[in-house]
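Subject: Structure handover

Hi,

Here is the structure I promised to pass on. Have a look at it first, then read my notes below.

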Amino acid sequence: MKYSPRRNNLIDAIGDDDAVVAVSAAHEMQRSSDVNYPFRQDSNLRYLCGYERPQAVLVVTKEVSVLFVEFADEEQRLWEGDSDSPERIQQQTQVDRVEPLAALDDWLGEHANKQFYVPQTVRPQLSSAQLNAAQSDLADRLSRAGIKQIKDASPALAQLRRVKDADEIKLIDLAAAVTIDALDVLDMTSANYEYQLAAQLSARFGDQNYQHGYPVIVAGGANATVLHYQRNAAQLPSEGLVLIDVGAEGDGYTADISRTLTIGTPTRRQQQLVSVITELQARAIARIEPGITVKEIARAFRQDLLETAQSLKLLDKSAELKDTIELMPHGLSHYLGLDVHDVGAYELPLEPGVVLTVEPGIYLPEECIGVRVEDDVVVTTDGCRVLGQKLQ
Ligand SMILES: [Mn+2]
């Protein structure tokens, strides 16, 4: 990974040669008592320097980049092992200097009259999750240093992260290939419960040093009509459909793939809906090229879905585009990268290097049927390429 061009591009995107960007590593989060959740690095920090440990703050100016990190003390060396040497961290992150975290407050004090830019993450709608406290701790630190001029670095970071470089595309391509492979080798006959299919996927990922980029959905029968079903606890139907939405994550980048698989002999209706959604996905993918917006692709897809639903008599002849929302309440596409719902403005025209999902679905709770087919594509100079396909 080439991190220093990203930091230079960030200062350029902000458009202020005197800017100081400060980004904190995520904090560890308590699971219970003295057990933590698996650590997940802050995506912006990872993007800018690739550092993978907590207790670190990166500062970037036009002239210099410094990563302040906490080095292990004697107690931590005993329990958790030693930290990497400053030389090794500098080599991996390509920053100009690596300093102890204890030196950060003095550095901030010396730059207190500058214009600071800090990524300000907000909690997504519908989420009751708490923000990682690293963000407010950094804000407190800036305040103690007497820094008053603080702007949001998120729009500039989103602008950069939206267009992936070749290294990033390769990682998402690999993650998609690992995900599709794990889906291809699922042994449906040996599984009686949803969690047993989830376990097969996890084992296949773990065997290749991948993990899940988000909680896997294994939804048998009517559970597939629950859009973010994550319990994965029910008995699988002996015949019918199972919707699986899963993404392997490696080196910080995740895939996001959905398949609606059959168990035993599906009904003609079930087969029909799966093939219809697969066909609508192919048509949507064919429309993706530089210059078009996600909104335009989604609108053309809704027109396809409306006509299909009318021919299947799911909607009557007088139905309009917005009536397709009840059949498919989620969006067709989102950006994909370090985050499964990655950053970036959706009103911008697509350009080469943008990675997005294409995930048409249809949900009929009264028929206990939910179907979704999802793949990940990268925009190319003349169209797009579906990721995770085996090289011929
Ligand atoms: Mn998705």
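Gln94 sits in the loop between helix H4 (86-93) and strand S6 (97-100); helices (H or I, at least four residues) and strands (E, at least two) are DSSP runs, numbered from the N terminus. Before going on, note that this is a predicted model: local features need pLDDT of at least 70, side-chain atom pairs count only at pLDDT 80 or more, and totals for chains, interfaces and linings use all residues. Residues are numbered from 1 along each chain as its sequence is written.

Back to Gln94: its phi is positive, about 60°, although it is not a glycine. Most residues other than glycine have a negative phi. Is Gln94 buried, exposed or in between? Gln94 counts as partly exposed because it has 17 C-beta neighbours inside 10 Å. The cut-offs are 20 or more other C-beta atoms within 10 Å of a residue's own for buried, 12 or fewer for exposed, and partly exposed in between, with C-beta atoms placed from the backbone.

Lys313 is another residue other than glycine with a positive phi, near 60°. You'll find Lys313 in the loop between helix H11 (294-311) and strand S15 (355-358). With 8 C-beta neighbours inside 10 Å, Lys313 counts as exposed.

**The chain as a whole**

The protein chain has 11 helices and 19 strands. Its C-alpha trace spans about 70 × 45 × 45 Å along the principal axes. For 392 residues, a compact globule would have a radius of gyration near 21 Å, and the chain's 23 Å agrees with that. (The radius is taken over C-alpha atoms, and the globule rule is 2.2 Å times the number of residues to the power 0.38.) Buried residues make up 38% of the 392. Among contacts with a separation of 6 or more, 70% are between residues 24 or more positions apart; two residues are in contact if their C-beta atoms, placed from the backbone, lie within 7 Å.

**Two domains**

The domain assignment gives domain 1 (3-161) and domain 2 (163-386); such bounds come from an automatic or database assignment. Their centres, taken over C-alpha atoms, are 33 Å apart. Six residues from domain 1 and eight residues from domain 2 make the contact. On the domain 1 side, H2 and H7 each supply at least two residues.

**Helix H1**

How far apart are the end C-alpha atoms of H1? They are 17 Å apart, which agrees with the 16 Å that the 12 residues of H1 (residues 3-14) should span at 1.5 Å a residue. That expected span is 1.5 Å times one less than the number of residues.

Arg7, Leu10, Ile11 and Ile14 are buried in H1. They cover an arc of only 95° around the axis, so they lie on the same side of H1; the arc is that of the directions from the helix axis to the C-beta atoms. The buried residues of H1 pack against several elements, including strand S1 (20-24), helix H2 (43-49) and helix H7 (154-162). After H1 comes Gly15, with a positive phi near 75°.

**Lys151**

Lys151 belongs to strand S8 (residues 150-152). Leaving out residues up to four places away in sequence, Lys151 touches Gln115 and Tyr117. Lys151 and Tyr117 are 34 residues apart in sequence, yet 4.8 Å apart in space, C-alpha to C-alpha. Lys151 is partly exposed, with 16 other C-beta atoms within 10 Å.
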